[in-house]
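Visitor: Could you take me slowly through one part of this model, and then show me how that part sits within the rest of the chain?

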Amino acid sequence: MPFSFSPEQKQSLLWILVGAAFLLLLSLLGPVLMPFIVAAILAYVLNPWVDKLCALRYKNLRLPRTVAATLLIIFVIAAALAMVLIIVPILQKEAPQLQEQIPRFFDKFDQVISPFLAHYGFTIRLDSTGIKALLTEQMAGSGDVIGKAVLSSIRVGGTALLGLLANLLLIPIVLFYLLLDWHPLIHRIAHFIPRRWVHGANNAVNEVDDILAQYLRGQILVMIVLAAYYAIALSIARFDLALPVGIITGFLVFIPYLGYGIGLALALIGAVLQFNDLSGLIYVGIIYGFGQFFESFILTPRLVGERIGLHPLTVIFALMAFGQLFGFIGILVALPASAIISVAVKHIRSSYLNSPFYRQP
C-alpha cells in the first residue's frame with residue numbers, strides 16, 4: 001500500500017520547505033543583511049529605554065516615540081565617537097614620543113641582553129642609531145605611504161569601500177525605523193506562529209528575553225569592574241595614561257580579544273615611552289596577564305555565566321566552540337546564543353521526559 005500524507009502533514013511539509021528556502025535565501029543575502037542584523041540587535045537593546053522615555057510625563061505631555069528613538073540613536077553615535085576621540089589623541093600624543101624612545105629602549109635592551117647572549121657564544125648588537133634613522137624616515141614618509149595605500153585601495157576595491165560606508169550609514173536609519181515600529185513588528189511576527197504553539201512560544205520568548213537581559217547586565221558589570229581594575233592597577237604602577245588606557249581596555253572587553261589587544265598595545269607603548277628600563281613592560285605583563293585570567297576564569301563565568309544559567313565550564317566551552325565554528329563573530333555572540341540554546345534544550349528535555357518513549361517501561 002503506497003504511503004500517503006494527510007492534508008495536515010502535506011501542509012506542514014510545505015511550510016517546512018518554505019522555511020528552509022527562506023533560511024537559504026538569508027544565507028545568500030548575508031552581506032546585504034549586515035546593517036539590518038546590527039540594527040536589530042541595537043533595537044532590541046534600546047527598545048526598553050525608548051519605552052521608558054515615552055512613559056515620562058510633563059504636565060500631561062508625553063515624549064513622542066520619534067523623539068525618544070532619535071535621542072537614543074544620537075546618544076549611541078556620540079558614545080562611539082567619544083571612544084574614538086579618547087583613543088586617537090592618545091595615539092597622536094604617543095607616536096612622536098615613540099620615535100624618540102624606541103632607540104633608547106633598544107639601547108637598554110642591548111645592554112641587558114647582549115652580555116647574557118655573549119656568555120653563551122652569541123654576539124648580537126642592536127644598532128639604535130640606524131633604528132632611529134629608519135623610524136624617522138618611515139614616519140616622515142608615512143603620510144605619502146598612507147595616501148598611496150588609500151588611493152590603491154580605492155582603485156582596487158572602491159566598490160567594496162563604498163558598500164561598507166553605505167552599510168555604516170544605513171545602520172542608524174534602519175535602527176530608527178525598527179525602534180519606531182518595534183511593538184507592531186513583534187506583534188505581526190507573533191501572528192505567524194501556529195496557534196497551537198503560541199502559548200509555548202510566548203513562554204520560551206519571555207524566558208529568552210529574561211536571560212538576554214541578565215546577560216547584558218552581567219556584561220556591563222564586567223566592563224565596569226575591568227575598567228576600574230586596569231585604571232587602578234596602572235595608576236599604582238605610575239603610568240601617566242592609566243585612566244584612559246584602563247577605561248578603553250575595560251569598555252572594549254565586550255569585543256573578545258580585540259578590546260584586550262588594543263588596551264594591551266596602548267599600555268606597552270606607554271611603558272616604552274615612560275620608563276627607561278624593562279620595569280614598565282614587566283608591570284604591563286603582570287597587570288594584563290592577571291586581568292585576562294581574572295576576566296576569563298572568574299568575572300565572565302560568575303557575573304555573566306551564572307546570570308544566564310550557564311556553568312563556568314559551559315561558558316569556556318561555548319567561547320571556544322563558537323570561535324572555532326564562526327570565527328570572531330562566533331566569539332562575540334557565543335554567550336547570548338548559548339543562553340538561547342539552553343532554553344531550547346530545557347524545553348526539549350522537558351518534552352522528552354514527558355514522552356511515552358521515555359516513560360514506557
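Guide: Let us begin with residues 281-304, a span that is 100% helix and 0% strand, with its end C-alpha atoms 31 Å apart. Helices (H or I, at least four residues) and strands (E, at least two) are DSSP runs, numbered from the N terminus. This is a predicted model, in which local features need pLDDT of at least 70 and side-chain atom pairs count only at pLDDT 80 or more, while totals for chains, interfaces and linings use all residues. Residues are numbered from 1 along each chain as its sequence is written, and side-chain values use heavy atoms, with hydrogens and water left out.

An unreviewed UniProt entry lists several spans as "transmembrane region", including 220-239, 245-269 and 281-304; the positions follow the numbering used here, feature names are shortened, and such annotations may be inferred rather than shown by experiment. Residues 220-239 are 85% helix and 0% strand, and the C-alpha atoms at their ends are 25 Å apart.

Within the part you asked about, Glu295 belongs to helix α10, which covers residues 279-305. Is Glu295 buried or exposed? Glu295 has a relative accessible area of 14% and is therefore buried, since buried means under 20%, exposed over 50%, and partly exposed in between, using a 1.4 Å probe and protein chains only. If neighbours within four places in sequence are left aside, Glu295 is in contact with Val222, Leu226, Val253, Thr300 and Pro301, where contact means heavy atoms within 4.5 Å.

From here we can turn to Thr249, which is placed in helix α8 (residues 242-251). Because its relative accessible area is 3%, Thr249 is classed as buried. The side chain of Thr249 makes a polar contact of 3.0 Å with the side chain of Tyr288, and a polar atom of that Thr249 side chain also lies 2.8 Å from the backbone oxygen of Val245. A polar contact is a pair of N or O atoms within 3.5 Å; within protein, one must be able to donate a hydrogen and the other to accept it, and residues adjacent in sequence count only if both atoms are side-chain atoms. With its neighbours within four places in sequence again set aside, Thr249 is in contact with Tyr230, Gly259, Gly263 and Tyr288.

Elsewhere in the chain, the structure holds one salt bridge, formed by Asp51 and Arg65, whose closest N and O atoms are 2.8 Å apart. The term stands for a side-chain nitrogen of Lys or Arg within 4 Å of a carboxyl oxygen of Asp or Glu. Asp51 lies in helix α2 and Arg65 in helix α3 (residues 65-119), so the pair ties together parts 14 residues apart in sequence. Asp51 is partly exposed, at a relative accessible area of 27%, whereas Arg65, at 18%, counts as buried.

Finally, the whole chain gives these helices their setting. Its secondary structure comes to twelve helices and two strands, and of its 361 residues, 28% count as buried. Among contacts between residues at least 6 apart in sequence, 69% join residues at least 24 apart. The chain exposes about 24,100 Å², of which carbon and sulfur atoms supply 73%; accessible areas come from the Shrake-Rupley method with a 1.4 Å probe, and for residues only the protein chains shown count as cover.
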